[in-house]
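Biologist: I would like to learn how to read an interface. Can we work through one together?

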There are 2 protein chains.
Amino acid sequence: MSATYHHGDLRNALLVAATELLEAHGPAALSLRDVARSAGVSHNAPYRHFANRDALLDAIAADGFRALADDMRTVKGRQPADRLAAMGQAYVAAARARPGRFALMFAPPGAPDAFPATAAAAQHTYAVLAAAVREVVGRDDPVAVASAWALAHGLADLARHALIPADVALVTTATRRFARSLAASV
Amino acid sequence: MSATYHHGDLRNALLVAATELLEAHGPAALSLRDVARSAGVSHNAPYRHFANRDALLDAIAADGFRALADDMRTVKGRQPADRLAAMGQAYVAAARARPGRFALMFAPPGAPDAFPATAAAAQHTYAVLAAAVREVVGRDDPVAVASAWALAHGLADLARHALIPADVALVTTATRRFARSLAASV
DNA sequence: ACCTGAACACCGTTCAAGT
DNA sequence: ACCTGAACACCGTTCAAGT
């Protein structure tokens, strides 16, 4: 086990351990010392790979945005509107699958400057969604892109807090209605 | 100064101080000891009014949801669809006015059980929105209510993280489009 | 690259005591 | 009742000295 840490695997082991703790106890309860303990190293070993706690969280949140973009990119559907709706559903499913990481992605604890990788990866997610919206409406439409992202994000975040029913059918219907009304507006 | 604390004002003074610190440094950086210092009392005086840190944050987040519901309720507009759009705009404006409190409302640090007042106040916000949607579509439509809340919440949360343009016109257009397509669907 | 171990200035929370 | 200082077990972070 610990032999691998001597071969450059500690960085990844820390990310895995942190992600597990994140899902178990939430972002606020995530301590660097816990992560180190969980990975079986001393409390200051993480500083060999991350400048500080924020840098570790930045890496995890950036991973989250990349995974989100991948999920959205690999969605299937015949019509552009179907694909856009499926993207929204994938977004909500991703939040549901890893609520701790999702919370971290949209609530970085600290100054925005401390999360550069997250910001860059989030722009990537925006680009994926913007391309899908463009396929539906045939042009760049920042309002439609913002609305599409807002709808998916809102459904995901509100469901996470049990403020709307945790109902897959509701999400399916909501994203379909949106995508169709967008397609009908052209 | 400290004389007023002896007359039952400390609870409110703590809430005011905490809200200020929340807006200045964000929820993650809010320490109970800082709040006490800021209010001019000893570090454990807050325990006379709040069971723990979560209980203080619960009170602030619940205030936030009540203020949000009030903002939405007092919105003007001739047509039901105009009022619904204005509610969405009021939601985004409220998040913009107090981003620290908004972040706290949707990222309570700890178990959901620790935030009962917040949960109750949030249900109230849902009811205000549901009534407005009912006026537009003429019936209970959980998908429409969830979509309306999700759109407003998503726009607010994404703008807060600079993931969509911080543009008032964009919010106005997005909420109007949504409200009109909802009215047109009946 | 990692470890031990100490140290610093913080936390949230509890306790015993003061008015 | 309300407030206080001392105390406990934690943190994040840094340092010194080792393998």
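This is a predicted model: local features need pLDDT of at least 70, side-chain atom pairs count only at pLDDT 80 or more; totals for chains, interfaces and linings use all residues.

Biologist: Which elements give two or more residues to the side of domain 1 of chain A that touches domain 2 of chain A?

Modeller: Two helices of chain A do: H1 (2-25) and H2 (32-39). H1(A) gives the most, with 6 residues.

Biologist: What classes of residue are on that side of domain 1 of chain A?

Modeller: Count by class. That side of domain 1 has 9 nonpolar, 1 polar and 2 charged residues.

Biologist: How many salt bridges cross the interface of domain 1 of chain A and domain 2 of chain A?

Modeller: The rule finds 0 salt bridges there.

Biologist: Where are the domains of chain A divided?

Modeller: Domain 1 covers 1-50, and domain 2 covers 53-184. Their C-alpha centres lie 28 Å apart. In contact are 12 residues of domain 1 of chain A and 13 residues of domain 2 of chain A.

Biologist: How is the size of an interface often given?

Modeller: Often as the accessible area lost when the parts come together. For the two domains of chain A, the buried area is about 1100 Å². Carbon and sulfur atoms give 72% of that area.

Biologist: Now the two chains. What is the area buried between chain B and chain A?

Modeller: About 2500 Å² is buried between chain B and chain A. Carbon and sulfur atoms give 72% of this area. As for contacts, 34 residues of chain B touch 34 residues of chain A.

Biologist: How many salt bridges does the rule find across the interface of chain B and chain A?

Modeller: It finds 2 salt bridges. One salt bridge joins the side chains of B:Arg177 and A:Asp141, at 3.2 Å from N to O. The cut-off is 4 Å, so this pair counts. Polar contacts are counted too: 6 residue pairs between chain B and chain A, both partners at pLDDT 80 or more.

Biologist: Which helices of chain B each supply at least two residues of the side that touches chain A?

Modeller: H6 (116-137), H7 (142-160) and H8 (168-184) of chain B do. The largest share comes from H7(B), with 14 residues.

Biologist: And by class, what does the side of chain B that touches chain A have?

Modeller: It has 22 nonpolar, 7 polar and 5 charged residues.

Methods: Residues are numbered from 1 along each chain as its sequence is written. Chains are lettered from A and ligands numbered from 1 in the order in which they are written. Side-chain values use heavy atoms; hydrogens and water are left out. Contact means heavy atoms within 4.5 Å. Buried area is the accessible area (1.4 Å probe) that two parts lose on being put together, summed over both. A polar contact is a pair of N or O atoms within 3.5 Å; within protein, one must be able to donate a hydrogen and the other to accept it, and residues adjacent in sequence count only if both atoms are side-chain atoms. Helices (H or I, at least four residues) and strands (E, at least two) are DSSP runs, numbered from the N terminus. Ala, Val, Leu, Ile, Met, Phe, Trp, Tyr, Cys and Pro count as nonpolar, Asp, Glu, Lys and Arg as charged, and the others, Gly among them, as polar. Domain bounds come from an automatic or database domain assignment.
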